[in-house]
Amino acid sequence: MTTYAGQNVGAGQFDRVKQGAKQGTLMAFGVSAVITGVILLFGRYLMGIFTDTVSLVDYSMSMMQIMAVGYLAVAITQSLSGVMRGGGDTMTPMWISIVQTVGIRVPLAYLMVYLTKSELNPKGQPACLFISLVVSWLVGAVLTAIFYRKGKWRKAALL
């Protein structure tokens, strides 16, 4: 998307960038949906390639089920971030990445782990780490879509 957007912005064809961003995002979302479906349907067999430890396969499957929806959000984030970078706005995607990682994922993981501590799980629920990752990816996708629509990348291209 970065190369596509950069070439079309350079040619002054912003309509093509908008159309390509929509199509590219839909393609990325579709590919992610297919891969996510394969992971959810065949995850146990895929993990079985690497280990035959049942508890590890079960834990991996649980992790994949939690994170599945996040892969769709990542597709949106990566596609639209690529358009913004290609349009000359490299700072916005960088700040979104920092906010989603440092501002959301890490604090949320610590908070969730702290809130789920118990005698049975003195270090909290391990799933909290995966949930915090998915939440940060979803927030990142929303922020990316908002800033893509605001269009600072269009102005950066004109400088």
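Q: Hey, which residues line the largest pocket?
A: In this predicted model, the lining is made up of Lys18, Ala21, Lys22, Thr25, Ile76, Leu80, Ala145, Tyr148, Arg149 and Arg154.

Q: And what volume does that largest pocket have?
A: About 250 Å³.

Q: Which helices each supply at least two residues of the lining?
A: Helix H2 (14–48), helix H3 (54–86) and helix H5 (127–150). The largest share is from H2, with 4 residues.

Q: How do the lining residues divide into nonpolar, polar and charged?
A: You get 5 nonpolar, 1 polar and 4 charged residues around the largest pocket.

Q: OK, switching to helix packing. At what angle do H1 and H3 pack?
A: Helix H1 (residues 2–10) packs with H3 at about 35°, and their axes are 7 Å apart.

Q: Is that crossing left-handed or right-handed?
A: The crossing of H1 and H3 is right-handed.

Q: Which residues meet there?
A: On the H1 side you have Thr2, Ala5 and Gly6, and they meet Gly82, Val83, Arg85 and Gly86 of H3. That contact divides into 2 nonpolar, 4 polar and 1 charged.

Q: Tell me about Arg85, then. What does it touch, leaving out residues up to four places away in sequence?
A: Arg85 touches Thr2, Gln78, Thr90 and Pro93.

Q: Why does Arg85 count as partly exposed?
A: Because its relative accessible area is 32%, and partly exposed covers the range between the 20% limit for buried and the 50% limit for exposed.

Q: Last one: how many Å apart in space are Arg85 and Met64?
A: They are 30 Å apart, C-alpha to C-alpha, and 21 residues apart in sequence.

Terms used:
Residues are numbered from 1 along each chain as its sequence is written. This is a predicted model: local features need pLDDT of at least 70, side-chain atom pairs count only at pLDDT 80 or more; totals for chains, interfaces and linings use all residues. Side-chain values use heavy atoms; hydrogens and water are left out. On a 1 Å grid over the protein atoms alone, a cavity is a set of points where a 1.4 Å probe fits but cannot get out, and a pocket is an open set with protein on both sides within 12 Å along at least five of seven lines; lining residues have an atom within 4 Å of a point. Grid points are joined across faces, edges and corners, and a volume is the space filled by probe spheres set on the points. Ala, Val, Leu, Ile, Met, Phe, Trp, Tyr, Cys and Pro count as nonpolar, Asp, Glu, Lys and Arg as charged, and the others, Gly among them, as polar. Axes are lines fitted to C-alpha atoms, for helices over the stretch in contact, and angles run from 0 to 180 degrees between N-to-C directions. A crossing is left-handed if the near helix is turned anticlockwise from the far one by less than a right angle, and right-handed if clockwise. Contact means heavy atoms within 4.5 Å. Buried means under 20% relative accessible area, exposed over 50%, partly exposed in between (1.4 Å probe, protein chains only).
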